[in-house]
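User: Hi! Could you walk me through this chain?
Analyst: Happy to, let's look together.

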Amino acid sequence: MKKVAIASLTFGALVWLTAPATANETQAQATVITTTTSTTASPSVAPVSLPAGFKFHKETEGLNQELRLRVELLLADPDNGGKVGLESAYRTPQRQQELVNCHAVHNPACPWPVDPPEESEHVKGNAVDFNGDLKLAVTLAKKYGLYQRYGDRDPVHFELDPNRAPMEKG
Ligand SMILES: [Zn+2]
């Protein structure tokens, strides 16, 4: 098993992501290595895998680091195959305000409710909107510790699941 990536997470632990030993394996194993700065990191994480040579998307810049890692893993999941895409991630307050204005005039380009910049989880880097196969997005979200926070009211919107398996809460 070869190590392909190290992700430093906000809670101060390191996750060593290991490539599958064979092409048939769909999930690699991950080990959390707790550092001295970590206080409550759990010893186990949801199974994750990153393809060798994996590069983070520019589009996920500005996200909370743990959310970013989980979103990247979801997008790269073999079960996804491009059916779920990233519509929106971190937004500047200016961009958020543009969306508020867009939604307010019932522009079909902005169908979903939009929080003002000071309340938006997107502006805080804590939310993403997916596009494409949203049913699959929900399934994959469960696998990677994300959840569809507002359900059908804003079906594209996902955040870190507060009840997700370990690897969180510093
Ligand atoms: Zn959203």
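User: Which residue in β7 stands opposite L146?
Analyst: L146 stands opposite L160 in β7. This is a predicted model, where local features need pLDDT of at least 70, side-chain atom pairs count only at pLDDT 80 or more, and totals for chains, interfaces and linings use all residues. Residues are numbered from 1 along each chain as its sequence is written.

User: How do β6 and β7 pair, parallel or antiparallel?
Analyst: Strand β6 (residues 146-147) and β7 pair in the antiparallel sense, over 2 bridges. Two strands pair if DSSP finds at least two bridges between them. Strands here are DSSP runs of E with at least two residues, helices are runs of H or I with at least four, and both are numbered from the N terminus.

User: What order do the strands have in the open sheet?
Analyst: The order is β4-β5-β7-β6, an open sheet of 4 strands with antiparallel pairing. β4 (84-88) and β6 each have a single partner strand, so one side of each is left without a neighbour in the sheet.

User: And how many bridges join β4 to β5?
Analyst: There are 4 bridges between β4 and β5. In one spot, S88 has D129 in β5 as its bridge partner. Strand β5 (residues 127-132) is also joined to β7 (residues 157-160), by 3 bridges, and V128 stands opposite F158 in β7.

User: New topic: which residues touch the most other members of the largest nonpolar core?
Analyst: L74, V128 and A141 do, in a core of 19 residues. α1, β5, α3 (134-143) and β7 each supply at least two residues of this core, and α1 gives the largest share, 5 residues. A nonpolar core is a set of buried Ala, Val, Leu, Ile, Met, Phe, Trp, Tyr and Cys residues joined through C-beta atoms within 7 Å. Buried means 20 or more other C-beta atoms within 10 Å of a residue's own, exposed means 12 or fewer, and partly exposed is in between, with C-beta atoms placed from the backbone.

User: What is L74 in contact with, leaving aside its neighbours within four places in sequence?
Analyst: L74 is in contact with N80, L140, A141, Y144 and L146. Contact means that the C-beta atoms of two residues, placed from the backbone, lie within 7 Å.

User: Last one: where is F54, and why does it count as partly exposed?
Analyst: F54 is in the loop between β3 (30-33) and α1 (65-76). F54 counts as partly exposed because 14 other C-beta atoms lie within 10 Å.
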